[in-house]
Amino acid sequence: MKEVVLVKYGEMALKGLNKKTFEDMLTKNIKRRIKPLGSFVCTSAQSTLCIDPQDDSIDLSEVTERVGKIFGIAALCRACVCDKTFEDITAKSIEYLSDILSCARTFKVNAKRSDKAFPMKSPEICRELGGILLDRFPNLSVDVNDPEITVTVEVRDTNAYVHAENIKGAGGLPVGSSGKAMLLLSGGIDSPVAGWMMAKRGIHIAAIHYVSPPYTSDRAQLKVEQLCQKLTDWCGGIAFYCVPFTELQEAIKDNCPEEFFTIIMRRLMMEIAQRIAAKDGCLALITGESVGQVASQTMAAIACTDAVCRIPVFRPCIGMDKTEIIEIARKIDTFDISTLPYEDCCTVFTPRHPKVRPRLEDIEKAQNSFDFEPLIQKAVEGTEMKTFNLE
Amino acid sequence: MPVYLDNAATTKPCAEAVEAAVRAMTENYGNPSSLHRAGLDAQLAVDGARKIIADTIGADPACIYFTSGATESNNLALRGASAAYGRNRRKIVISAVEHASVEETAADLEKKGFEVVRVSPREDGRFYPADFVNVCGDDTCLISCMLVNNETGYILPVKETFSAVKRRFPHIITHCDCVQGYMKLPVRVSALNADLVSLSAHKIHGVKGVGAIFIKKGVRVVPVVTGGKQEKGIRSGTESVPLIAAFGAAAEKLSATLDERYKTAQSLKVHLLNAVSDIDCVEVNSPEDGSPYIINISVVGRRSEIMLHFLESKGIYVSSGSACSKGQQSGVLGQFGIRDKRADGALRISITAETTEAELDELAAVLREGIEKVRG
């Protein structure tokens with residue numbers, strides 16, 4: 001009995017002439033993701049990819065778990081391969097689903113016949129197979145509305161498949177199909193979520209983080225590295241840039257009014273981020289900002305930060321409540337890491353009364369009172385890069 | 001050199017484990033909770049071992065928590081999950097052949113008001129998933145089923161059972177004591193459909209005094225030990241860095257050779273069974289498709305403890321029943337249909353891939369000698 005994983009494409013199935021580009025990218029992402037589990041043959045037909053393991057010891061539940069985190073997929077399932085005869089479909093259904101069906105109470109059969117040359121029509125397959133399974137498993141009864149088990153038969157061009165599960169895919173577009181962008185990753189809850197959301201739209205993520213020792217600790221940086229590693233499950237490999245930020249923060253503290261600390265710091269971060277983004281081929285920046293969440297994320301403050309940006313800044317969390325962001329953070333499993341208690345650079349020298357509605361001219365005046373450029377250059381030069389890959 | 005054939009009781013620590021423990025004691029002796037570099041280095045050692053162990057069972061490292069051993073892991077699983085989920089669901093389902101650390105914990109919970117249902121094998125000595133599913137219900141909070149029975153090596157249908165239980169009762173927490181299966185059979189938490197998995201270090205050539213529990217993301221377990229909130233509050237108490245590092249080193253070493261060791265053990269099992277097949281009073285209690293690492297035989301008409309000491313006098317160490325029960329007659333064997341004189345004469349021979357055919361030949365020869373000399 002041969003078991004495979006069937007992967008149904010997401011919205012890229014609707015693409016026109018460039019559909020193949022998306023398909024190739026998705027296939028590449030899938031192959032890379034499952035390679036550590038063993039050897040596979042992947043074949044694509046009719047907006048479905050069939051992952052065929054070449055070794056009996058491969059655990060397909062791990063394959064579905066990994067593939068479930070790849071963007072560009074609407075749904076996936078494990079399925080048993082059958083010959084395209086009703087006899088074989090019946091025999092394999094009984095054998096393959098015996099464990100499941102012998103412990104269930106209700107079921108129904110669902111058939112999809114994309115190969116119209118198959119002699120039986122879908123309702124006929126459902127009726128006939130349903131009857132045979134009912135006879136074979138006396139514990140079962142039919143429930144078409146809310147069955148415990150839905151046995152699905154797919155008659156495709158090459159083979160027929162039987163399965164009893166349907167796992168929701170991660171949705172979105174294959175990572176890499178939309179280019180590359182630089183994520184400002186602080187270590188908080190929002191920025192990993194922002195990165196994940198943009199990766200879902202096919203963007204390949206690089207990450208940048210600012211450290212200010214001794215105000216921030218090694219553990220704080222390790223925490224961000226853990227977040228990066230966690231994101232690779234969804235986003236693939238991530239280039240992680242770590243910027244030495246202490247001197248800039250000290251210079252802000254020594255030379256600028258306290259109420260502007262955070263905004264000026266963010267403007268400097270954006271400046272450094274876009275310089276490194278340019279070197280790395282990133283076409284945009286991504287942040288986890290959400291309007292009104294903190295003083296530096298009011299509309300006025302965001303306008304002041306944006307004023308230094310020469311490339312688009314994506315803020316996918318902008319209209320989300322904290323609870324909605326946390327929900328995603330839990331789903332992608334970054335929440336527990338983000339809430340580890342180490343201080344990050346954003347909370348160093350936090351002003352007691354930050355300006356909620358700063359005016360750009362005031363900020364620019366305050367920032368121009370000191371020449372930050374040499375320190376910016378030094379920080380860019382001192383930036384260290386690490387790569388995080390899929391595990 | 002003694003012939004040590006009691007590896008299901010404990011194993012000899014491997015050189016890598018010893019070295020890792022010594023390094024943690026001599027160089028990396030910080031407290032993982034300390035904020036300074038020495039603390040961070042100790043934490044990194046613990047997290048390194050965590051990652052290795054997580055990888056060996058296909059889990060996320062964040063789901064692995066270190067404990068003092070599998071007994072504690074099993075206690076934490078049963079007590080912790082029943083405390084979290086058992087307020088209105090008062091039934092716990094276990095197999096009737098669990099290790100004492102599950103059985104006795106369940107019995108204690110029974111005294112505290114839980115209903116415990118123990119599922120037995122059928123007449124043929126085998127377990128069937130439907131037998132577990134049929135006793136589960138909306139009132140059930142937890143099911144616990146071991147992967148490999150420690151006395152006979154029988155492999156329970158955990159994967160099929162847990163999948164069937166989860167399908168009908170998604171709320172039921174599934175726990176698997178994998179102690180005798182870990183590093184012997186492939187153990188993958190997702191394939192097992194297990195929410196909680198217990199592991200032990202000293203059965204896999206690590207050091208005694210450390211084990212781990214896998215707790216699936218989102219599954220709540222009320223801690224049994226409270227204190228400084230180490231291991232994310234699941235298991236307070238300063239982490240034993242040396243033992244944990246040794247656990248990681250042993251797991252890393254063994255995981256590379258799972259398949260080939262299995263094949264070796266399988267051929268050693270066949271070799272031993274052939275060597276004793278012509279002894280009239282020897283009966284084999286282990287199933288043919290059981291774990292090859294545990295071979296339970298009965299010398300009918302010779303009490304196992306006497307045979308054990310006779311073998312010991314010739315430098316061969318085996319166990320009567322399970323070593324943890326210190327010679328008490330095993331109820332577990334009875335569950336498998338092994339009773340009376342056959343149970344009285346049961347010996348458990350547990351091997352590793354390093355066991356040699358010569359050692360097993362020696363065992364067979366000494367068994368013959370013992371049967372001749374020993375009376376009753």
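**Entry 1: a helix over strands.** I started with helix H4 (residues 100-111) of chain B, which lies across S3, S4, S5 and strand S6 (173-177) of chain B and runs at about 155 degrees to S3(B). Helices (H or I, at least four residues) and strands (E, at least two) are DSSP runs, numbered from the N terminus. Angles run from 0 to 180 degrees between N-to-C directions, with axes fitted to C-alpha atoms, for helices over the stretch in contact. Contact means C-beta atoms, placed from the backbone, within 7 Å.

**Entry 2: ground rules.** This is a predicted model, where local features need pLDDT of at least 70, side-chain atom pairs count only at pLDDT 80 or more, and totals for chains, interfaces and linings use all residues. Residues are numbered from 1 along each chain as its sequence is written, and chains are lettered from A and ligands numbered from 1 in the order in which they are written.

**Entry 3: the sheet.** I traced 7 strands of chain B in an open, mixed sheet, ordered S2-S8-S7-S6-S5-S3-S4. Strands pair if DSSP finds at least two bridges between them. Strand S2 (64-67) and strand S4 (115-119) of chain B are the edges, each pairing on one side only. From one strand to the next, the twist averages 20 degrees.

Next I checked S3 (residues 91-95) and S5 (residues 140-144) of chain B: they run parallel, joined by 4 bridges. Ile94(B) stands opposite Ser144(B) in S5(B).

**Entry 4: meeting chain A.** I found 14 residues of chain B in contact with 14 residues of chain A. On chain B's side, H6(B) gives the largest share, 4 residues.

Methods. Contact = placed C-beta atoms within 7 Å.
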